[in-house]
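Subject: Structure handover

Hello,

Here is the structure for your files. Please open it alongside this email. My notes follow below.

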Amino acid sequence: MEVTSVVQLDQTKAKDEYPNLSLRPLQVSDVDDFMVWASDEKVTRFCTWEPYTNKEDGLNYIKNIVVPHPWLRAICIDDRPVGAISVSANSGNDKCRGELGYVLASKYWGKGIVTRAVKMVVDTIFVEWPHLERLEALVDVENVGSQRVLEKAGFQREGVLRKYFIVKGRSRDRVMFSFLSTDYQS
């Protein structure tokens, strides 16, 4: 994937419209903001989990999954979470690879926010995790918006993995994207 002037325009748009975009740990006190996107069927359509239907389940998820996660951040505008982004580590012979995942409240779609957040992750993850050589993202073939995010952030589209993953009871094709530590340095 080429990083073109389109990326720069999108980044400028996101910076101008949301100059206070930041990443920070998602906290238990963020549960109300979390519920905005976690309970939205449009947002969770391609996620492995169903929309959250009550605040207690959201709190339990944040306490038991989010807080202990080694690299999960809230995507914030003016320090208020509007989504989340994570890198999941592998171990053993796969420790050179990490998997990127993200989610954003639907009201913020199409504004360059996730593209900017992904670039922020790329700017830091290879420094924070020096053992990491490859950052991967698996995207549903029908999730064209997410594919565009990765392309604009400089990820390479590697191919389609057919019937790769079961999501909500159906086997789904996934598109594999990657960004290498050497891509970052070039």
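**Helix α5**

The buried residues of α5 are Ile 113, Val 114, Thr 115, Arg 116, Ala 117, Val 118, Val 121, Val 122, Ile 125 and Phe 126. Buried means under 20% relative accessible area, exposed means over 50%, and partly exposed is in between (1.4 Å probe, protein chains only). Helices (H or I, at least four residues) and strands (E, at least two) are DSSP runs, numbered from the N terminus. Helix α5 covers residues 113-128, which is 16 residues. At 1.5 Å a residue, α5 should span 22 Å, and its end C-alpha atoms are 22 Å apart, which agrees. The expected span is 1.5 Å times one less than the number of residues in the helix.

**Basis**

This is a predicted model: local features need pLDDT of at least 70, side-chain atom pairs count only at pLDDT 80 or more, and totals for chains, interfaces and linings use all residues. Residues are numbered from 1 along each chain as its sequence is written, and side-chain values use heavy atoms, with hydrogens and water left out.

**Salt bridges**

The structure holds 11 salt bridges. The term covers a side-chain nitrogen of Lys or Arg within 4 Å of a carboxyl oxygen of Asp or Glu.

Arg 24 takes part in a salt bridge with Asp 30, at 2.9 Å from N to O. Arg 24 is buried at 13% relative accessibility. Asp 30 is buried too, at 5%. Arg 24 also meets Asp 79 in a salt bridge, at 2.8 Å from N to O. Asp 79 lies in the loop between β2 (72-77) and β3 (80-89) and Arg 24 in strand β1 (residues 21-25), so this pair ties together parts 55 residues apart in sequence. Asp 79 is partly exposed, at 48%.

Lys 55 and Asp 32 form another salt bridge, with their closest N and O atoms 3.0 Å apart. Lys 55 sits in helix α4 (residues 55-66) and Asp 32 in helix α2 (residues 31-38), so distant parts of the chain, 23 residues apart, are linked. Both count as partly exposed: Lys 55 at 41%, Asp 32 at 48%. Salt bridges with shared partners also join Asp 94, Arg 97, Arg 134, Glu 136 and Glu 158 into one network.

**The sheet**

How many strands form the open sheet, and in what order? There are 7, in the order β1-β2-β3-β4-β5-β7-β6, with mixed pairing. Two strands pair if DSSP finds at least two bridges between them. β1 and β6 (156-167) stand at the edges with a single partner strand each, so one side of each has no neighbour in the sheet. Neighbouring strands are turned by 30 degrees against each other on average, direction ignored. Axes are lines fitted to C-alpha atoms, for helices over the stretch in contact, and angles run from 0 to 180 degrees between N-to-C directions.

β6 and β7 (residues 170-180) run antiparallel, joined by 8 bridges. Val 167 stands opposite Arg 170 in β7. Helix α6 (residues 144-152) packs on the sheet and touches β4, β5 (134-140), β6 and β7. Its direction makes about 155 degrees with that of β5.

**Gln 147**

Gln 147 lies in helix α6. Gln 147 is buried, at 8% relative accessible area. Contact means heavy atoms within 4.5 Å. Leaving out residues up to four places away in sequence, Gln 147 touches Val 139, Asp 140, Val 141, Glu 142, Arg 157, Val 175 and Phe 177.

Best regards
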